[in-house]
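Here is a friendly briefing to read alongside the structure. It goes through ring contacts, charges over rings and helix packing in turn.

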Amino acid sequence: MGEGDEKKKKKKSGGGDDWIKAEKAKLKAMEAALEGDGAGASGKGTGKVKGKSKEKTATAAPAAASSSSAKSTAGSHTSGAGLSTKGDKTQQKQAAAQPSAKSKTSGTGATQTSTPAAGKKASVKLKKAAAGAAEDKEDDYLAGLDLPSDDEFDYGRHGDGEDDDGKEVDQKKLAKRAAIDDKEARKKASREAEAMARAMQQKQEAMMEDEFVYDVSFAADKMQTSNENARDIKVADLTIRVAGKMLFDNTELTIAHGRRYALIGPNGHGKTTIMRLLGSRKIPVPENIDLLLVEQEMDGTNLTALEAVLKADLELMRLQDLQHELEQLSVDDPEQADARAEELNEVYDRLKALDASTAEPRAARILAGLGFTPEIQRRQTNMFSGGWRMRISLARALFIEPTLLLLDEPTNHLDLRAVLWLEEYLRKWKETLVVVSHDRDFLNSVVTDVIHVHDHRLDFYRGDFEMFYTMMEQRRQVANKQADKYEKSVKAAKAKGDKAAQEKALQKAKIDAKKSGAKDVDLRSAPTRWKDYSVNFSFPEPTELTPPLLQLIDVCFSYPSREDFGMRDINLGVDMGTRVAVVGPNGAGKSTLMNLLAGDLVPTAGESRRPQKLRIGRYSQHFVDVLEYDVNPVEYLLTNFPQAGLNGQQMRAVLGRFGLPGANHLQPIVKLSGGQKARVVFSAISLSQPHILLLDEPTNNLDMESIDALAEALVAFPGGVVLISHDSRIISRVCEDETMSEVWIVDNGTVQRHNGTFEDYKQELIAEVIAEQAEEQ
């Protein structure tokens with residue numbers, strides 16, 4: 001072997017080892033420099049850097065970022081596997097351009113294992129990284145992130161590139177492991193990106209308004225629907241789906257002429273759908289029955305409120321126009337007067353039959369009963385709010401008296417006195433009425449029958465609401481007993497392994513159910529327990545504050561643009577445990593008073609006092625309308641109530657407690673119904689932990705079960721409650737304790753305390769309404 005060969009051999013063996021040791025020393029020196037310049041990420045652990053391409057290094061850091069739960073302190077907008085929620089490609093390019101700085105996810109040093117040539121290249125890269133680390137740190141979109149330790153991504157090696165026995169790791173194995181890790185990181189990033197894209201697409205689709213798609217099938221009596229004298233509605237085997245959702249399954253619908261029906265059931269179970277399908281005749285209605293559905297306010301026009309009601313009677317308007325035309329022709333052409341006399345007499349006879357001479361006074365009386373003063377009746381309809389135009393729609397329906405009148409929540413926009421007037425008016429209704437309402441007292445006064453939406457069926461009960469409730473509870477008990485008996489029989493048969501006995505138990509249970517007299521028994525299936533619907537509202541106990549909590553002292557208020565309205569000499573107070581019912585006609589200033597109590601309006605005179613730490617929970621239709629519609633309820637609560645310290649799942653529990661179905665928790669608020677939005681607002685009020693609740697018509701859009709739950713929560717709430725409501729039942733519940741309750745009457749710019757209980761005030765109003773209607777007759 002020659003000398004040159006000996007040198008080569010020596011270089012490959014011992015000489016090479018010396019060179020590697022020297023390079024390692026240089027790398028350690030550079031590592032210390034990196035640490036001094038602050039290029040390394042904070043945290044303890046053994047650092048590892050993959051000596052691979054820029055692309056792989058840039059991918060690893062975002063993947064690690066997705067595992068971190070800490071927030072960025074350097075303006076980072078990463079989401080998922082390094083995806084920018086703002087779509088900022090500039091940050092991603094910076095990440096690719098600075099692989100070395102991004103790749104160190106943990107540790108105070110980083111030692112790279114490589115061949116001598118690779119070590120030299122790495123050394124150059126580290127020098128560049130060290131030189132620019134301080135400048136790059138501000139632009140680093142991962143800077144400041146508390147990234148997880150590399151122990152979570154164990155590559156089976158230590159910082160010195162050695163295994164547990166201190167032996168050097170095979171570079172091929174190391175590269176293979178790194179490639180696998182990078183591949184997994186890419187897969188994870190891809191999965192998370194796809195999930196995010198799907199979520200965004202679903203959100204966009206949900207934001208799009210979908211038309212109501214009804215799938216209706218039935219077995220109608222053709223003889224009955226085509227009969228010119230038919231006045232009843234009878235539909236068998238009625239099945240209704242909306243957008244694929246089953247609402248009613250093979251049920252029956254019967255509406256007898258002259259009866260007054262309440263259609264009741266939980267929100268979202270199909271009450272409004274039934275009303276709309278009847279109104280559009282998609283559920284078959286005999287052709288000779290004229291019907292009218294009142295669910296929306298009329299459009300604002302130049303017509304006055306009184307004119308709008310009169311023009312609702314199209315036949316009356318047509319006959320009056322024809323009368324004027326014929327009379328004018330007779331004047332213009334006297335020779336033809338005799339020829340037109342017969343036709344004119346027919347018009348006079350028909351107008352007399354319609355009682356045309358009393359049409360205007362009758363329309364005025366209906367408007368007055370619904371709260372329209374003579375001055376307001378002469379106001380153009382385009383000057384009214386939506387609530388007042390809804391009253392005009394109701395007045396038009398009452399004026400024309402259709403054979404079938406369909407009313408969907410007619411009391412929502414009425415004050416208490418108008419509700420009591422409507423009760424008395426509808427009690428005398430001679431045609432057929434179907435009404436959806438959450439007001440139990442109203443239904444108890446008006447209806448003769450109840451149609452209960454339950455378990456995809458329509459159950460019928462004779463009598464008022466109280467009778468219905470008693471009979472429904474009896475049905476519930478019978479159904480549960482039959483289900484218990486059947487379950488025991490099947491359990492015993494299964495224990496014996498006797499399939500014949502199981503079938504026998506099923507048949508016997510069906511026969512027993514039919515013998516019990518229960519209606520709508522489905523003999524195709526086994527008895528089941530009654531499906532109850534319950535809601536549980538609650539408000540947290542507030543922190544103690546020194547009374548008085550809220551005072552208005554000699555307060556006066558007026559709007560700069562409203563010379564016709566003002567409030568004066570208000571002296572009121574609210575403390576813990578106070579219960580106040582605010583009553584008075586619409587437009588008198590009840591909502592203005594609430595705004596003064598809340599501090600949203602500043603008195604023009606007088607003083608408003610409250611502790612600095614006082615928290616007020618407010619509910620009104622305004623707060624429902626101003627919800628952030630492009631987010632879902634969970635996002636809304638997390639964003640607006642971070643102080644609650646709840647995560648997404650816990651926020652969903654809050655929403656569920658207030659009766660919002662789980663399917664709606666992640667649905668954009670814009671797609672929720674009025675009742676569902678109301679539950680989001682109540683959830684928000686609960687999270688604010690208020691001392692005082694100011695509630696303006698909180699029962700609007702809630703079903704009966706939710707109203708009962710709200711009443712119970714308000715009774716149990718130790719703070720103060722100020723309540724405006726047309727629902728006399730919830731007021732009676734909340735103001736049950738006469739020692740802590742007050743009635744404030746808002747009228748003519750003043751607020752007066754009523755000398756008596758709410759029940760006393762209600763009886764006074766009823767007496768006034770009955771006396772007025774007796775005079776009109």
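**Charges over rings**

R391 lies over the face of W388, 4.4 Å from the ring centre. Keep in mind that this is a predicted model. A second case involves Y461, where the charged end of R475 sits over the ring at 4.2 Å from its centre.

**Aromatic pairs**

- The count of aromatic pairs comes to 14.
- One of them joins F465 and F468, with 5.4 Å from centre to centre and 55° between the planes, which is a tilted arrangement.
- F465 and F468 are three residues apart in helix α17 (residues 465-496), so about one helical turn separates them.
- Are F465 and F468 buried or exposed? Both F465 and F468 are buried.
- F537 and F682 also form a tilted pair, because their ring centres are 5.6 Å apart and their planes stand at 50°.
- F537 lies in the loop between α18 (499-515) and β12 (550-557), while F682 belongs to helix α23 (residues 674-687), so this pair ties together parts that are 145 residues apart in sequence.
- F537 counts as buried because its relative accessibility is 3%, with the cut-off for buried being under 20%.
- F682 has 0% relative accessibility and therefore counts as buried too.
- Both of these rings belong to a cluster, in which ring pairs link F537, F539, Y619, F658, F682 and F717.

**Packing of α15 and α26**

- Two packed helices are described by the angle between their axes and the distance between the axes.
- For helix α15 (residues 416-427) and helix α26 (residues 758-776), the angle is about 50° and the axes are 9 Å apart.
- That angle makes α15 oblique to α26.
- What is the handedness of the crossing of α15 and α26? The crossing of α15 and α26 is right-handed.
- On the α15 side, the contacts come from L416, R417, L420, W421, E424 and Y425.
- On the α26 side, the residues they meet include F758, Y761, L765, I766, V769 and Q773.

**Helix α8 and the residue after it**

- Which residues of helix α8 (residues 271-279) are buried? The buried ones are K271, T273, I274, M275, L277 and L278.
- R281 follows α8 and has a positive phi, near 65°.

Technical notes: Residues are numbered from 1 along each chain as its sequence is written. This is a predicted model: local features need pLDDT of at least 70, side-chain atom pairs count only at pLDDT 80 or more; totals for chains, interfaces and linings use all residues. Side-chain values use heavy atoms; hydrogens and water are left out. Rings of Phe, Tyr and Trp (its six-membered ring) pair if their centres lie within 6.5 Å; planes under 30 degrees apart count as stacked, over 60 as edge-to-face and the rest as tilted. Helices (H or I, at least four residues) and strands (E, at least two) are DSSP runs, numbered from the N terminus. Buried means under 20% relative accessible area, exposed over 50%, partly exposed in between (1.4 Å probe, protein chains only). A charge sits over a ring if NZ of Lys or CZ of Arg is within 6 Å of the ring centre and within 35 degrees of the ring normal. Axes are lines fitted to C-alpha atoms, for helices over the stretch in contact, and angles run from 0 to 180 degrees between N-to-C directions. Angles under 35 degrees count as roughly parallel, over 145 as roughly antiparallel, 65 to 115 as roughly perpendicular and the rest as oblique. A crossing is left-handed if the near helix is turned anticlockwise from the far one by less than a right angle, and right-handed if clockwise. Contact means heavy atoms within 4.5 Å.
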